[in-house]
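Please look at the structure first, then read the points below it.

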Amino acid sequence: MGAWAIAVHGGAGVDPNLPKERQEEAKRLLTRCLDIGISALRSNLPAIDVVELVVRELETDPLFNSGRGSALTENGTVEMEASIMDGPKRRCGAVSGLTTVKNPVSLARLVMDKTPHSYLAFAGAEEFARKQGVELVDNQYFITEDNVGMLKLAKEANSILFDYRIPTLGTCGGGAALESPIQMNGLPISVYAPETVGCVVVDKEGRCAAATSTGGLMNKMTGRIGDSPLIGSGTYACDLVAVSCTGEGEAIIRSTLAREVAAVMEYKGLNLHEAVDYVIKYRLDEGKAGLIAVSKNGEVACGFNTTGMFRGCATEDGFMEVGVW
Amino acid sequence: MGWAIAIHGGAGDIPLSLPPEKRLPREAGLRRCLEVGIAALKARNHPLDVVELVVRELENHPNFNAGKGSVLTTSGTVEMEASIMDGKTMKCGAVSGVSTVVNAISLARLVMEKTPHIYLAFDGAEAFAREQGLETVEMSHFITPENIERLKQAQEADRVQIDYTQPIQKETPKDAAVADGDSQIGTVGCVAVDNEGNLATATSTGGLVNKMVGRIGDTPVIGAGTYANHLCAVSATGRGEAIIRGTVARDVAAVMEFKGISLKEAAAYVIDRVPPGTAGLITVSSTGEITMPFNTTGMFRACATEDGYSEIAIWDSPSK
């Protein structure tokens with residue numbers, strides 16, 4: 001029997017000026033989610049159940065950008081997406097365009113378990129949710145004041161993007177204007193909300209699973225689908241490894257990032273850490289992203305080429321780490 | 001080295017007893033679309049333009065499962081999806097849940113070129129199409145009597161059919177049932193390379209007969225049904241769920257690169273690893289090679305190279 005391992009993330013691409021209290025809040029949430037996952041693993045829950053459980057927790061907490069606290073579309077609404085994959089047999093489920101489903105990752109699981117399909121979206125997904133009796137709420141539930149403010153800034157930033165100026169957030173004067181020009185997905189980092197949450201797990205039987213959930217890109221066009229629900233891009237799991245990605249969605253899709261980690265392990269014989277390093281270094285071109293991964297041997301790894309990634313990981317031998325930078 | 005092009009009209013359980021009145025129009029369609037592609041390559045059009053052009057032709061042809069002639073959802077509606085990818089830049093575009101846009105592949109291209117995104121779906125995709133002034137029509141434009149019949153039979157048999165699967169016969173086939181047992185129609189796709197090694201791929205479909213409303217298959221999922229990089233361009237067809245799980249299109253290129261094997265070996269390797277009867281693909285390499293493997297009974301396909309070779313086929317060819 002092998003050893004379990006778990007990793008969680010709350011998004012890649014963090015504002016270097018993020019206030020200390022927010023960083024601490026994030027670390028507390030990541031720790032809590034790790035503890036939930038660890039407890040489940042100790043009770044011998046299979047990997048697929050653990051990832052769903054942990055991502056539900058991340059969706060429910062408004063701090064990160066998924067479920068409640070999701071980034072807003074250009075119309076000020078929330079459209080959520082998620083995917084889940086079970087390494088053995090590579091079963092998978094995904095959803096997009098959810099507006100009333102309280103826990104998108106659980107609907108993705110139901111698509112995997114209860115339909116002959118892998119991916120349902122928009123009205124069809126919502127209808128399926130109704131028929132399955134999952135918890136539904138008003139779209140308002142997901143919208144936070146923070147994000148309403150962020151959307152406004154994002155729209156302003158788009159109109160003055162070429163100046164690389166970050167709109168002043170407070171009452172201070174011109175000093176803020178020439179802060180770091182870090183951008184992700186066309187938005188200044190102070191406005192860009194790390195988009196996604198995810199969890200990867202390997203249980204004692206060596207089964208790997210991954211799940212990812214998001215509200216998507218701030219100010220996105222309505223109907224825009226990112227990497228999170230796309231198997232092979234934002235999420236992937238097979239016999240060897242489970243991966244969940246976060247960052248610039250379009251870059252992750254173009255590089256099929258999650259599958260890439262598994263492919264270099266499978267076809268080039270790299271181990272987990274080598275694979276993660278290789279993929280982040282060489283497969284993203286100008287894209288900015290991060291990922292977490294576990295292998296069937298109980299290893300855990302994360303990599304990112306962004307300024308920070310909210311993450312936490314733990315292994316059965318007692319190792320545990322939560323970080324932002 | 002010269003240009004090369006391959007097209008498909010879907011893989012599946014195409015019966016060898018397919019009657020001429022079902023076979024000939026599809027062969028003619030493949031021939032015509034291939035000629036359109038060849039002419040475009042000869043005129044030195046970029047492969048991205050070539051694959052879009054050819055897939056538009058295939059979408060407009062009512063005997064293939066894309067655009068007009070798309071199979072129907074369980075509600076009797078049409079929800080089309082498509083994707084396109086450029087091998088050199090790796091830019092890509094995809095759409096799903098399109099019900100009124102005459103050419104979904106062109107909408108996918110506009111997503112790629114005119115938005116900061118890669119993938120738009122349902123209402124958002126439809127709204128974008130209108131903003132861009134693309135040709136839109138009533139959904140009834142896409143619906144053919146054959147597909148209304150296919151849906152009816154699928155619902156009676158109470159199963160979801162892949163492009164060409166024979167429906168389960170609960171009793172001895174009557175004439176109508178035999179007619180239904182003819183080739184179902186499938187996803188369409190085109191891959192092309194010019195004589196400079198620029199690669200492109202495009203795939204388009206109506207999906208699965210009797211699919212749940214809102215179901216998305218492999219076609220718009222980059223890495224599953226469609227993929228191109230500097231090594232090869234791939235378009236897959238068959239059982240969407242298996243192609244997604246198998247990241248089929250991406251794997252052809254990955255296996256070539258990481259295992260250092262040829263296009264033909266890589267494509268065969270990938271097809272071998274999806275369950276029998278579930279997939280086929282067409283692919284061209286940057287050096288002008290073509291291969292079109294499938295593990296179904298047949299796959300409507302055609303290809304041509306600059307040195308004059310061309311082929312149109314449905315079932316196994318002797319030198320596969």
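Over all chains, the structure holds six aromatic pairs; rings of Phe, Tyr and Trp (its six-membered ring) pair if their centres lie within 6.5 Å, and planes under 30 degrees apart count as stacked, over 60 as edge-to-face and the rest as tilted. This is a predicted model, in which local features need pLDDT of at least 70 and side-chain atom pairs count only at pLDDT 80 or more, while totals for chains, interfaces and linings use all residues. Residues are numbered from 1 along each chain as its sequence is written, chains are lettered from A and ligands numbered from 1 in the order in which they are written, and side-chain values use heavy atoms, with hydrogens and water left out.

**Aromatic rings**

- A:Y267 and B:Y269 form an edge-to-face pair, with 6.1 Å from centre to centre and 70 degrees between the planes.
- This pair crosses between chains, from helix 7 (residues 257-268) of chain A to helix 9 (residues 263-272) of chain B; helices (H or I, at least four residues) and strands (E, at least two) are DSSP runs, numbered from the N terminus.
- A:Y267 is buried at 7% relative accessibility, whereas B:Y269 is partly exposed at 26%; buried means under 20% relative accessible area, exposed over 50%, partly exposed in between (1.4 Å probe, protein chains only).
- B:F64 and B:F300 are also an edge-to-face pair, because their ring centres are 6.4 Å apart and their planes stand at 75 degrees.
- B:F64 lies in the loop between helix 2 (47-60) and strand 2 (80-86) of chain B, and B:F300 lies in strand 11 (residues 298-305), 236 residues apart.
- Both B:F64 and B:F300 are buried.

**Salt bridges**

- The structure holds 31 salt bridges over all chains, each a side-chain nitrogen of Lys or Arg within 4 Å of a carboxyl oxygen of Asp or Glu.
- A:K20 and A:E24 form one of them, at 3.7 Å from N to O.
- Both residues lie in helix 1 (residues 20-42) of chain A, four residues apart, about one turn of the helix.
- An α-helix has 3.6 residues a turn, so residues three or four places apart point the same way.
- A:E57 and A:R32 form another salt bridge, at 2.7 Å from N to O.
- That pair links helix 2 (residues 47-60) with helix 1 of chain A, 25 residues apart.
- In chain B, a salt bridge of 3.4 Å joins B:E241 and B:R239, and both residues are buried.

**Helix 4 of chain B**

- Buried residues of helix 4 (residues 122-131) include B:F122, B:G124 and B:F128.
- After this helix comes B:G133, with a positive phi near 75 degrees.
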